Amino acid sequence: MAWRYTSLPLQRKLLLAMVLGTILALLLAGLAVLSYETTTFRPRLERQLESVAKVMADINQAALDFDDVKQAQDNLGFLRLYEGVDAGALYRSDGSVFAFWPIEGQPVNPATMPPSGSQFQANKASRSLPVLRDGRELGRVWIRVQMPPLIQRLPQYGIMFGALALGVLVLGAALLWAARRLVSQPMERLSAAASEVGRTGNFSLRVQKSSGDEIGQLTDEFNRMLGVVGERDHALQAANDLLEQRVQQRSQELERAMTLLMQNEKLAALGNVVAGVAHELNTPIGNALLAATSLNKSTQQMRDQITGNSLSRRGLEEFMASVDEGSGIVSRSLERAAALVRSFKSVAVNETSEARMDFDLRHVLDDCMALLAPGMKHRPIEVALDCAPGIRCNSYPGALTQIVSNLIENAARHGLEPIGGGRIEVQVRESIDEQGSDAGNSWLTLQVSDHGAGIPPEHLHRIFEPFFTTRLGQGGSGLGLHVVHSLAIRPLGGVIEARSQVGQGTTFELRFPRRAPLNQL
(Lines give C-alpha, C1' and ligand atoms only; values in the text may rest on other atoms or scores of the structure.)
Protein backbone atom coordinates (compact mmCIF):
# COMPACT_ATOMS: atom_id res chain seq x y z
CA MET A 1 0.00 0.00 0.00
CA ALA A 2 2.77 2.38 0.87
CA TRP A 3 4.47 1.65 -2.45
CA ARG A 4 1.26 2.57 -4.33
CA TYR A 5 1.12 5.98 -2.67
CA THR A 6 4.80 6.72 -3.18
CA SER A 7 4.52 5.76 -6.88
CA LEU A 8 1.49 7.92 -7.63
CA PRO A 9 2.07 10.81 -10.05
CA LEU A 10 2.56 14.12 -8.32
CA GLN A 11 -0.48 15.53 -10.12
CA ARG A 12 -2.81 12.97 -8.47
CA LYS A 13 -1.26 13.66 -5.10
CA LEU A 14 -1.84 17.37 -5.56
CA LEU A 15 -5.43 16.75 -6.76
CA LEU A 16 -6.20 14.66 -3.69
CA ALA A 17 -4.62 17.26 -1.44
CA MET A 18 -6.57 20.03 -3.19
CA VAL A 19 -9.98 18.32 -2.66
CA LEU A 20 -9.30 17.59 0.97
CA GLY A 21 -7.76 20.99 1.46
CA THR A 22 -10.85 22.71 0.05
CA ILE A 23 -13.09 20.94 2.55
CA LEU A 24 -10.72 21.82 5.34
CA ALA A 25 -10.51 25.44 4.16
CA LEU A 26 -14.29 25.80 4.28
CA LEU A 27 -14.34 24.63 7.87
CA LEU A 28 -11.43 26.78 8.90
CA ALA A 29 -12.46 29.96 7.09
CA GLY A 30 -14.72 31.28 9.81
CA LEU A 31 -12.24 30.46 12.54
CA ALA A 32 -9.43 32.11 10.57
CA VAL A 33 -11.38 35.37 10.18
CA LEU A 34 -12.27 35.45 13.84
CA SER A 35 -8.73 34.57 14.86
CA TYR A 36 -7.36 37.36 12.70
CA GLU A 37 -9.75 39.90 14.17
CA THR A 38 -9.02 38.92 17.76
CA THR A 39 -5.24 38.93 17.31
CA THR A 40 -4.91 42.11 15.27
CA PHE A 41 -7.71 44.29 16.59
CA ARG A 42 -5.90 45.76 19.57
CA PRO A 43 -2.61 46.55 17.76
CA ARG A 44 -4.56 48.17 14.92
CA LEU A 45 -6.61 50.20 17.36
CA GLU A 46 -3.42 51.33 19.14
CA ARG A 47 -1.84 52.39 15.84
CA GLN A 48 -4.97 54.34 14.88
CA LEU A 49 -5.02 56.11 18.24
CA GLU A 50 -1.28 56.82 17.94
CA SER A 51 -1.78 58.35 14.48
CA VAL A 52 -4.70 60.57 15.58
CA ALA A 53 -2.86 61.62 18.76
CA LYS A 54 0.25 62.60 16.77
CA VAL A 55 -1.86 64.71 14.40
CA MET A 56 -3.52 66.48 17.37
CA ALA A 57 -0.13 66.99 19.05
CA ASP A 58 1.39 68.52 15.90
CA ILE A 59 -1.46 70.95 15.14
CA ASN A 60 -1.77 72.10 18.79
CA GLN A 61 1.90 72.96 19.36
CA ALA A 62 1.32 76.62 18.54
CA ALA A 63 -1.90 76.80 20.60
CA LEU A 64 -0.11 75.50 23.72
CA ASP A 65 2.95 77.64 23.10
CA PHE A 66 0.88 80.87 22.78
CA ASP A 67 -1.81 79.84 25.33
CA ASP A 68 -4.55 80.06 22.69
CA VAL A 69 -7.48 78.11 24.21
CA LYS A 70 -9.91 78.91 21.39
CA GLN A 71 -7.53 77.64 18.74
CA ALA A 72 -6.95 74.48 20.76
CA GLN A 73 -10.71 73.85 21.08
CA ASP A 74 -11.16 74.42 17.32
CA ASN A 75 -8.35 71.97 16.62
CA LEU A 76 -9.85 69.37 18.94
CA GLY A 77 -13.14 69.80 17.09
CA PHE A 78 -11.55 67.99 14.14
CA LEU A 79 -11.81 64.79 16.20
CA ARG A 80 -15.42 64.49 15.05
CA LEU A 81 -14.02 63.52 11.64
CA TYR A 82 -12.50 60.32 13.06
CA GLU A 83 -14.87 57.39 13.37
CA GLY A 84 -15.33 56.13 16.92
CA VAL A 85 -13.58 59.07 18.65
CA ASP A 86 -15.95 60.51 21.26
CA ALA A 87 -13.72 62.68 23.49
CA GLY A 88 -10.41 64.49 23.56
CA ALA A 89 -8.50 66.96 25.73
CA LEU A 90 -5.31 69.02 25.95
CA TYR A 91 -3.36 69.45 29.19
CA ARG A 92 -0.76 71.99 30.14
CA SER A 93 2.66 70.87 31.28
CA ASP A 94 1.61 71.46 34.91
CA GLY A 95 -1.18 68.87 34.52
CA SER A 96 -4.17 71.22 34.36
CA VAL A 97 -6.83 70.98 31.64
CA PHE A 98 -6.15 73.41 28.77
CA ALA A 99 -9.01 72.51 26.37
CA PHE A 100 -11.45 69.63 25.85
CA TRP A 101 -13.92 68.21 23.33
CA PRO A 102 -16.87 67.93 23.13
CA ILE A 103 -17.44 71.30 24.80
CA GLU A 104 -21.20 70.73 25.33
CA GLY A 105 -22.21 69.35 28.69
CA GLN A 106 -19.84 68.14 31.38
CA PRO A 107 -16.24 67.30 30.41
CA VAL A 108 -15.68 63.54 30.04
CA ASN A 109 -11.90 63.73 30.10
CA PRO A 110 -9.78 63.03 33.22
CA ALA A 111 -9.47 66.03 35.55
CA THR A 112 -5.69 65.63 35.74
CA MET A 113 -3.17 64.84 33.03
CA PRO A 114 -3.12 61.05 32.41
CA PRO A 115 0.20 59.24 31.98
CA SER A 116 1.57 58.66 28.48
CA GLY A 117 0.47 55.48 26.73
CA SER A 118 -2.68 53.52 25.89
CA GLN A 119 -5.40 52.43 28.30
CA PHE A 120 -8.14 49.89 27.59
CA GLN A 121 -11.42 49.60 29.49
CA ALA A 122 -14.54 47.46 28.93
CA ASN A 123 -15.71 49.19 25.79
CA LYS A 124 -13.40 52.21 25.50
CA ALA A 125 -9.75 52.84 24.73
CA SER A 126 -7.71 56.01 25.25
CA ARG A 127 -4.29 57.29 24.28
CA SER A 128 -2.16 60.03 25.91
CA LEU A 129 0.80 61.57 24.04
CA PRO A 130 3.16 64.45 24.97
CA VAL A 131 3.19 67.61 22.83
CA LEU A 132 6.84 68.49 22.15
CA ARG A 133 8.63 71.44 20.57
CA ASP A 134 12.39 71.27 20.20
CA GLY A 135 12.53 68.53 22.83
CA ARG A 136 10.51 70.57 25.36
CA GLU A 137 7.18 69.18 26.58
CA LEU A 138 4.47 71.84 26.15
CA GLY A 139 1.67 69.63 27.43
CA ARG A 140 -0.15 66.42 26.62
CA VAL A 141 -3.00 65.37 24.34
CA TRP A 142 -5.60 62.74 25.37
CA ILE A 143 -8.01 60.96 23.00
CA ARG A 144 -10.71 58.38 23.72
CA VAL A 145 -12.43 56.04 21.26
CA GLN A 146 -15.42 53.72 21.52
CA MET A 147 -14.39 50.12 20.87
CA PRO A 148 -16.50 48.25 18.29
CA PRO A 149 -19.09 45.77 19.53
CA LEU A 150 -17.00 42.80 18.29
CA ILE A 151 -15.23 42.75 21.64
CA GLN A 152 -18.52 42.19 23.44
CA ARG A 153 -19.44 39.21 21.21
CA LEU A 154 -16.11 37.40 21.59
CA PRO A 155 -17.37 34.91 24.24
CA GLN A 156 -20.23 33.75 22.01
CA TYR A 157 -17.93 33.41 19.01
CA GLY A 158 -15.46 31.49 21.12
CA ILE A 159 -17.99 28.85 22.18
CA MET A 160 -19.40 28.48 18.66
CA PHE A 161 -16.08 28.19 16.89
CA GLY A 162 -14.48 26.11 19.63
CA ALA A 163 -16.70 23.11 18.93
CA LEU A 164 -16.18 23.49 15.20
CA ALA A 165 -12.41 23.78 15.62
CA LEU A 166 -12.27 20.56 17.63
CA GLY A 167 -13.81 18.53 14.81
CA VAL A 168 -11.71 20.24 12.18
CA LEU A 169 -8.51 19.59 14.13
CA VAL A 170 -9.16 15.83 14.19
CA LEU A 171 -9.79 15.73 10.45
CA GLY A 172 -6.94 18.09 9.72
CA ALA A 173 -4.46 16.01 11.72
CA ALA A 174 -5.15 12.95 9.59
CA LEU A 175 -4.95 14.90 6.35
CA LEU A 176 -1.79 16.66 7.46
CA TRP A 177 -0.07 13.37 8.30
CA ALA A 178 -0.86 11.91 4.88
CA ALA A 179 0.12 15.05 2.98
CA ARG A 180 3.33 15.43 4.90
CA ARG A 181 4.41 11.84 4.30
CA LEU A 182 3.58 11.86 0.60
CA VAL A 183 4.47 15.38 -0.49
CA SER A 184 5.68 17.70 2.23
CA GLN A 185 8.65 15.74 3.56
CA PRO A 186 10.33 15.20 0.16
CA MET A 187 9.67 18.80 -0.82
CA GLU A 188 10.91 20.05 2.56
CA ARG A 189 14.16 18.16 2.09
CA LEU A 190 14.61 19.79 -1.32
CA SER A 191 13.70 23.20 0.10
CA ALA A 192 16.05 22.79 3.07
CA ALA A 193 18.88 21.77 0.76
CA ALA A 194 18.23 24.74 -1.52
CA SER A 195 18.19 27.10 1.48
CA GLU A 196 21.41 25.60 2.84
CA VAL A 197 23.14 25.99 -0.51
CA GLY A 198 21.89 29.55 -0.84
CA ARG A 199 23.05 30.40 2.69
CA THR A 200 26.46 28.70 2.70
CA GLY A 201 27.27 28.30 -1.00
CA ASN A 202 28.10 24.62 -0.39
CA PHE A 203 27.34 23.07 -3.79
CA SER A 204 28.70 19.69 -2.69
CA LEU A 205 25.47 19.07 -0.74
CA ARG A 206 23.22 16.28 -2.08
CA VAL A 207 19.56 15.32 -1.31
CA GLN A 208 18.61 11.67 -0.64
CA LYS A 209 16.04 10.23 -3.09
CA SER A 210 12.98 8.75 -1.31
CA SER A 211 10.61 7.75 -4.14
CA GLY A 212 10.40 6.99 -7.84
CA ASP A 213 7.76 9.56 -8.79
CA GLU A 214 8.17 13.07 -10.13
CA ILE A 215 9.61 14.23 -6.80
CA GLY A 216 12.27 11.52 -7.06
CA GLN A 217 13.11 12.63 -10.58
CA LEU A 218 13.21 16.22 -9.37
CA THR A 219 15.64 15.16 -6.65
CA ASP A 220 17.98 13.56 -9.20
CA GLU A 221 17.90 16.65 -11.41
CA PHE A 222 18.41 18.89 -8.40
CA ASN A 223 21.54 16.97 -7.37
CA ARG A 224 22.89 17.11 -10.92
CA MET A 225 22.18 20.81 -11.11
CA LEU A 226 24.11 21.39 -7.87
CA GLY A 227 27.17 19.79 -9.41
CA VAL A 228 27.03 21.90 -12.58
CA VAL A 229 26.30 25.12 -10.70
CA GLY A 230 29.10 24.40 -8.24
CA GLU A 231 31.66 24.17 -11.03
CA ARG A 232 30.42 27.36 -12.67
CA ASP A 233 30.22 29.21 -9.36
CA HIS A 234 33.86 28.42 -8.63
CA ALA A 235 34.91 29.83 -12.00
CA LEU A 236 32.64 32.85 -11.60
CA GLN A 237 33.93 33.59 -8.11
CA ALA A 238 37.51 33.55 -9.34
CA ALA A 239 36.64 35.94 -12.18
CA ASN A 240 34.63 38.15 -9.83
CA ASP A 241 37.50 38.40 -7.34
CA LEU A 242 39.86 39.46 -10.10
CA LEU A 243 37.36 42.01 -11.44
CA GLU A 244 36.69 43.43 -7.99
CA GLN A 245 40.40 43.85 -7.37
CA ARG A 246 40.82 45.71 -10.66
CA VAL A 247 37.79 47.91 -10.02
CA GLN A 248 39.10 48.80 -6.57
CA GLN A 249 42.48 49.72 -7.98
CA ARG A 250 40.93 51.87 -10.71
CA SER A 251 38.60 53.54 -8.21
CA GLN A 252 41.51 54.46 -5.95
CA GLU A 253 43.46 55.82 -8.88
CA LEU A 254 40.46 57.83 -10.06
CA GLU A 255 39.85 59.21 -6.58
CA ARG A 256 43.48 60.30 -6.26
CA ALA A 257 43.36 61.89 -9.70
CA MET A 258 40.13 63.74 -8.89
CA THR A 259 41.56 65.02 -5.60
CA LEU A 260 44.72 66.23 -7.37
CA LEU A 261 42.75 67.92 -10.14
CA MET A 262 40.47 69.69 -7.67
CA GLN A 263 43.48 70.93 -5.69
CA ASN A 264 45.08 72.14 -8.93
CA GLU A 265 41.85 73.94 -9.83
CA LYS A 266 41.84 75.72 -6.47
CA LEU A 267 45.51 76.67 -6.80
CA ALA A 268 44.93 77.87 -10.36
CA ALA A 269 42.15 80.14 -9.16
CA LEU A 270 44.37 81.44 -6.38
CA GLY A 271 47.14 81.99 -8.93
CA ASN A 272 44.84 84.16 -11.04
CA VAL A 273 44.08 86.23 -7.95
CA VAL A 274 47.81 86.60 -7.24
CA ALA A 275 48.42 87.83 -10.77
CA GLY A 276 45.61 90.36 -10.46
CA VAL A 277 46.81 91.61 -7.09
CA ALA A 278 50.40 91.90 -8.34
CA HIS A 279 49.22 94.01 -11.27
CA GLU A 280 47.07 96.16 -8.99
CA LEU A 281 49.91 96.68 -6.49
CA ASN A 282 52.12 98.07 -9.25
CA THR A 283 50.19 101.37 -9.36
CA PRO A 284 50.28 102.43 -5.67
CA ILE A 285 53.84 101.17 -5.19
CA GLY A 286 54.96 103.02 -8.34
CA ASN A 287 53.28 106.21 -7.12
CA ALA A 288 54.94 105.84 -3.71
CA LEU A 289 58.35 105.29 -5.32
CA LEU A 290 57.91 108.34 -7.57
CA ALA A 291 56.88 110.51 -4.59
CA ALA A 292 59.80 109.22 -2.49
CA THR A 293 62.25 109.99 -5.34
CA SER A 294 60.83 113.53 -5.61
CA LEU A 295 61.14 114.01 -1.83
CA ASN A 296 64.76 112.83 -1.96
CA LYS A 297 65.52 115.35 -4.71
CA SER A 298 63.82 118.20 -2.77
CA THR A 299 65.73 117.23 0.37
CA GLN A 300 69.06 117.35 -1.51
CA GLN A 301 68.22 120.82 -2.86
CA MET A 302 67.33 122.02 0.64
CA ARG A 303 70.63 120.65 1.96
CA ASP A 304 72.54 122.56 -0.77
CA GLN A 305 70.72 125.80 0.10
CA ILE A 306 71.49 125.41 3.80
CA THR A 307 75.17 124.65 3.05
CA GLY A 308 75.48 127.67 0.74
CA ASN A 309 73.64 130.00 3.17
CA SER A 310 71.14 130.71 0.37
CA LEU A 311 68.02 129.41 2.15
CA SER A 312 65.09 131.79 1.90
CA ARG A 313 61.67 131.84 3.50
CA ARG A 314 60.00 131.13 0.18
CA GLY A 315 62.33 128.23 -0.52
CA LEU A 316 61.56 126.74 2.91
CA GLU A 317 57.80 127.09 2.33
CA GLU A 318 58.13 125.44 -1.09
CA PHE A 319 60.10 122.59 0.49
CA MET A 320 57.51 122.10 3.22
CA ALA A 321 54.69 122.06 0.65
CA SER A 322 56.60 119.53 -1.42
CA VAL A 323 57.18 117.34 1.66
CA ASP A 324 53.48 117.50 2.61
CA GLU A 325 52.37 116.56 -0.90
CA GLY A 326 54.95 113.80 -1.31
CA SER A 327 54.33 112.25 2.11
CA GLY A 328 50.57 112.29 1.42
CA ILE A 329 51.08 110.48 -1.86
CA VAL A 330 53.37 107.92 -0.21
CA SER A 331 50.95 107.41 2.68
CA ARG A 332 47.88 106.95 0.47
CA SER A 333 49.69 104.68 -1.96
CA LEU A 334 51.09 102.47 0.76
CA GLU A 335 47.70 102.31 2.52
CA ARG A 336 46.14 101.13 -0.75
CA ALA A 337 48.87 98.52 -1.18
CA ALA A 338 48.48 97.37 2.44
CA ALA A 339 44.71 96.99 1.99
CA LEU A 340 45.26 94.83 -1.09
CA VAL A 341 47.81 92.71 0.75
CA ARG A 342 45.45 92.27 3.72
CA SER A 343 42.60 91.22 1.45
CA PHE A 344 44.84 88.82 -0.44
CA LYS A 345 46.21 87.39 2.81
CA SER A 346 42.70 86.87 4.19
CA VAL A 347 41.41 85.18 1.03
CA ALA A 348 44.59 83.15 0.55
CA VAL A 349 44.42 81.83 4.11
CA ASN A 350 40.73 81.02 3.69
CA GLU A 351 41.13 79.22 0.37
CA THR A 352 44.08 77.13 1.50
CA SER A 353 42.62 76.35 4.93
CA GLU A 354 39.86 73.90 5.82
CA ALA A 355 39.33 75.44 9.27
CA ARG A 356 35.86 76.08 10.61
CA MET A 357 35.51 79.50 12.22
CA ASP A 358 33.16 82.32 13.14
CA PHE A 359 33.13 85.14 10.60
CA ASP A 360 31.13 88.06 9.25
CA LEU A 361 29.80 87.07 5.83
CA ARG A 362 29.94 90.63 4.47
CA HIS A 363 33.64 90.95 5.40
CA VAL A 364 34.50 87.69 3.64
CA LEU A 365 32.59 88.72 0.51
CA ASP A 366 34.16 92.20 0.56
CA ASP A 367 37.64 90.66 0.63
CA CYS A 368 36.67 88.35 -2.19
CA MET A 369 35.32 91.25 -4.28
CA ALA A 370 38.48 93.30 -3.62
CA LEU A 371 40.70 90.56 -5.00
CA LEU A 372 38.47 89.88 -7.97
CA ALA A 373 38.35 93.59 -8.87
CA PRO A 374 41.80 93.69 -10.56
CA GLY A 375 40.78 90.86 -12.89
CA MET A 376 37.57 92.69 -13.84
CA LYS A 377 39.22 96.12 -14.18
CA HIS A 378 40.12 95.74 -17.86
CA ARG A 379 36.97 93.81 -18.79
CA PRO A 380 33.61 95.47 -19.53
CA ILE A 381 32.08 93.69 -16.55
CA GLU A 382 30.64 95.17 -13.33
CA VAL A 383 30.23 93.12 -10.14
CA ALA A 384 27.61 94.33 -7.61
CA LEU A 385 27.37 92.95 -4.05
CA ASP A 386 24.11 93.12 -2.06
CA CYS A 387 24.72 91.70 1.40
CA ALA A 388 23.64 93.14 4.73
CA PRO A 389 26.43 93.68 7.28
CA GLY A 390 26.55 91.77 10.54
CA ILE A 391 25.51 88.31 9.24
CA ARG A 392 27.51 86.04 11.53
CA CYS A 393 28.29 82.50 10.39
CA ASN A 394 30.02 79.51 11.90
CA SER A 395 31.19 77.69 8.80
CA TYR A 396 34.06 77.43 6.33
CA PRO A 397 34.98 80.80 4.77
CA GLY A 398 37.55 79.19 2.49
CA ALA A 399 34.96 77.02 0.78
CA LEU A 400 32.56 79.97 0.51
CA THR A 401 35.24 82.22 -1.04
CA GLN A 402 36.16 79.50 -3.54
CA ILE A 403 32.49 79.07 -4.54
CA VAL A 404 31.87 82.81 -5.04
CA SER A 405 35.12 83.26 -6.99
CA ASN A 406 34.38 80.35 -9.30
CA LEU A 407 30.77 81.45 -9.92
CA ILE A 408 31.77 85.05 -10.71
CA GLU A 409 34.58 83.93 -13.03
CA ASN A 410 32.23 81.45 -14.70
CA ALA A 411 29.60 84.16 -15.23
CA ALA A 412 32.19 86.55 -16.65
CA ARG A 413 33.88 84.04 -18.95
CA HIS A 414 30.89 82.06 -20.24
CA GLY A 415 27.98 84.47 -19.77
CA LEU A 416 29.10 88.06 -20.34
CA GLU A 417 32.28 87.99 -22.42
CA PRO A 418 30.52 86.36 -25.43
CA ILE A 419 28.04 89.30 -25.54
CA GLY A 420 30.59 92.05 -24.85
CA GLY A 421 30.19 92.53 -21.09
CA GLY A 422 27.50 93.30 -18.56
CA ARG A 423 26.69 93.15 -14.87
CA ILE A 424 27.08 90.34 -12.32
CA GLU A 425 24.90 90.57 -9.20
CA VAL A 426 25.73 88.80 -5.92
CA GLN A 427 22.83 88.82 -3.46
CA VAL A 428 22.51 87.30 0.01
CA ARG A 429 19.17 86.72 1.76
CA GLU A 430 18.22 85.01 5.02
CA SER A 431 15.56 82.31 5.25
CA ILE A 432 14.29 79.74 7.76
CA ASP A 433 14.44 76.00 7.06
CA GLU A 434 11.02 74.72 8.11
CA GLN A 435 11.63 71.10 7.13
CA GLY A 436 14.03 68.35 8.13
CA SER A 437 15.97 67.74 11.30
CA ASP A 438 17.41 71.30 11.22
CA ALA A 439 13.98 72.95 11.30
CA GLY A 440 14.11 76.50 12.62
CA ASN A 441 17.81 77.01 11.87
CA SER A 442 18.66 80.17 9.94
CA TRP A 443 19.72 79.49 6.37
CA LEU A 444 21.28 81.84 3.84
CA THR A 445 20.53 82.07 0.13
CA LEU A 446 23.39 83.38 -2.03
CA GLN A 447 22.58 84.15 -5.67
CA VAL A 448 25.08 84.92 -8.42
CA SER A 449 23.21 86.04 -11.53
CA ASP A 450 23.99 87.62 -14.87
CA HIS A 451 22.06 88.67 -17.95
CA GLY A 452 24.43 87.06 -20.38
CA ALA A 453 24.36 84.36 -23.03
CA GLY A 454 22.69 81.70 -20.85
CA ILE A 455 23.13 77.92 -20.87
CA PRO A 456 21.44 75.66 -23.46
CA PRO A 457 18.87 73.25 -21.94
CA GLU A 458 20.82 70.20 -23.11
CA HIS A 459 23.84 71.38 -21.10
CA LEU A 460 22.10 72.71 -17.99
CA HIS A 461 21.69 69.33 -16.25
CA ARG A 462 25.37 68.45 -16.83
CA ILE A 463 27.16 71.61 -15.72
CA PHE A 464 28.12 70.17 -12.30
CA GLU A 465 29.58 66.98 -13.77
CA PRO A 466 33.38 66.68 -13.57
CA PHE A 467 35.26 67.43 -16.81
CA PHE A 468 32.16 68.76 -18.57
CA THR A 469 33.10 71.90 -20.50
CA THR A 470 32.08 73.61 -23.73
CA ARG A 471 35.53 75.18 -24.07
CA LEU A 472 37.66 72.08 -24.40
CA GLY A 473 41.11 73.11 -25.67
CA GLN A 474 40.41 76.79 -24.89
CA GLY A 475 41.50 76.83 -21.26
CA GLY A 476 38.44 75.18 -19.73
CA SER A 477 39.15 72.27 -17.36
CA GLY A 478 35.54 71.30 -16.69
CA LEU A 479 36.19 71.24 -12.93
CA GLY A 480 35.20 74.76 -11.84
CA LEU A 481 31.50 74.11 -11.26
CA HIS A 482 32.19 70.57 -10.05
CA VAL A 483 34.36 72.09 -7.31
CA VAL A 484 31.52 74.51 -6.51
CA HIS A 485 29.00 71.65 -6.23
CA SER A 486 31.33 69.56 -4.07
CA LEU A 487 32.07 72.44 -1.68
CA ALA A 488 28.39 73.38 -1.43
CA ILE A 489 27.52 69.91 -0.17
CA ARG A 490 30.66 69.36 1.89
CA PRO A 491 31.75 71.20 3.92
CA LEU A 492 29.00 73.87 3.81
CA GLY A 493 26.16 71.33 4.15
CA GLY A 494 24.01 73.14 1.58
CA VAL A 495 22.60 72.73 -1.92
CA ILE A 496 23.18 74.56 -5.17
CA GLU A 497 21.08 74.74 -8.33
CA ALA A 498 21.17 76.64 -11.58
CA ARG A 499 18.44 78.31 -13.64
CA SER A 500 19.08 79.63 -17.11
CA GLN A 501 17.49 80.66 -20.38
CA VAL A 502 19.46 81.16 -23.55
CA GLY A 503 19.83 84.86 -24.27
CA GLN A 504 18.45 85.96 -20.88
CA GLY A 505 21.17 84.96 -18.44
CA THR A 506 21.93 82.47 -15.67
CA THR A 507 21.33 82.38 -11.92
CA PHE A 508 23.18 80.12 -9.50
CA GLU A 509 21.44 79.79 -6.12
CA LEU A 510 23.38 78.43 -3.13
CA ARG A 511 21.42 77.63 0.06
CA PHE A 512 23.48 76.83 3.14
CA PRO A 513 23.01 77.01 6.94
CA ARG A 514 24.67 79.79 8.89
CA ARG A 515 25.98 77.08 11.22
CA ALA A 516 27.49 74.32 9.10
CA PRO A 517 26.78 70.69 10.10
CA LEU A 518 29.42 68.92 12.14
CA ASN A 519 31.92 66.44 10.67
CA GLN A 520 31.66 67.82 7.13
CA LEU A 521 35.34 67.47 6.23
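Biologist: What is the relative accessible area of E409?

Modeller: This is a predicted model, in which local features need pLDDT of at least 70 and side-chain atom pairs count only at pLDDT 80 or more, while totals for chains, interfaces and linings use all residues. Residues are numbered from 1 along each chain as its sequence is written, and side-chain values use heavy atoms, with hydrogens and water left out. Buried means under 20% relative accessible area, exposed over 50%, and partly exposed in between (1.4 Å probe, protein chains only). E409 counts as partly exposed, because its relative accessible area is 25%.

Biologist: With which residue of the loop between α8 and β7 is E409 paired?

Modeller: A salt bridge is a side-chain nitrogen of Lys or Arg within 4 Å of a carboxyl oxygen of Asp or Glu. E409 has such a bridge with R379, the closest N and O atoms being 3.6 Å apart. The pair links distant parts of the chain, 30 residues apart, with E409 in helix α9 and its partner in the loop between α8 and β7 (381–386).

Biologist: Which residues are joined with E409 into one network of salt bridges?

Modeller: E409 also forms a salt bridge with R413, and here the closest N and O atoms are 3.3 Å apart. Both residues lie in helix α9, four residues apart, about one turn of the helix. R413 is partly exposed, because its relative accessible area is 28%. Through shared partners, the salt bridges join E409 into one network with R379, R413 and E417.

Biologist: At roughly what angle do the axes of α8 and α9 cross?

Modeller: Helices (H or I, at least four residues) and strands (E, at least two) are DSSP runs, numbered from the N terminus. Axes are lines fitted to C-alpha atoms, for helices over the stretch in contact, and angles run from 0 to 180 degrees between N-to-C directions. The axes of α8 (residues 361–377) and α9 (residues 397–416) come within 10 Å, and they cross at roughly 35°.

Biologist: How many charged residues does the contact of α8 with α9 hold?

Modeller: Contact means heavy atoms within 4.5 Å. Among the residues that make it are L365, C368 and L372 of α8, and V404, I408 and E409 of α9. Ala, Val, Leu, Ile, Met, Phe, Trp, Tyr, Cys and Pro count as nonpolar, Asp, Glu, Lys and Arg as charged, and the others, Gly among them, as polar. The contact has twelve nonpolar residues and two polar, and the number of charged ones is one.

Biologist: How many residues apart are R92 and D67?

Modeller: Their side chains meet in a salt bridge, 3.9 Å from N to O. D67 counts as partly exposed, because its relative accessibility is 48%. R92 is in strand β1 (residues 85–92) and D67 in the loop between α3 (61–65) and α4 (69–76), so the pair links distant parts of the chain, and the separation is 25 residues.

Biologist: How far is C393 from the nearest cysteine sulfur?

Modeller: A disulfide is a pair of cysteine sulfur atoms within 2.5 Å, and the count comes to zero. C393 is in no disulfide, as the nearest cysteine sulfur is that of C387, at a distance of 8.4 Å.

Biologist: What percentage of the residues of the protein chain count as buried?

Modeller: C393 is an example, because its relative accessibility is 2%. C368 is buried too, because its relative accessible area is 2%. The protein chain has eleven helices and twelve strands. Of its 521 residues, the share that count as buried is 36%.
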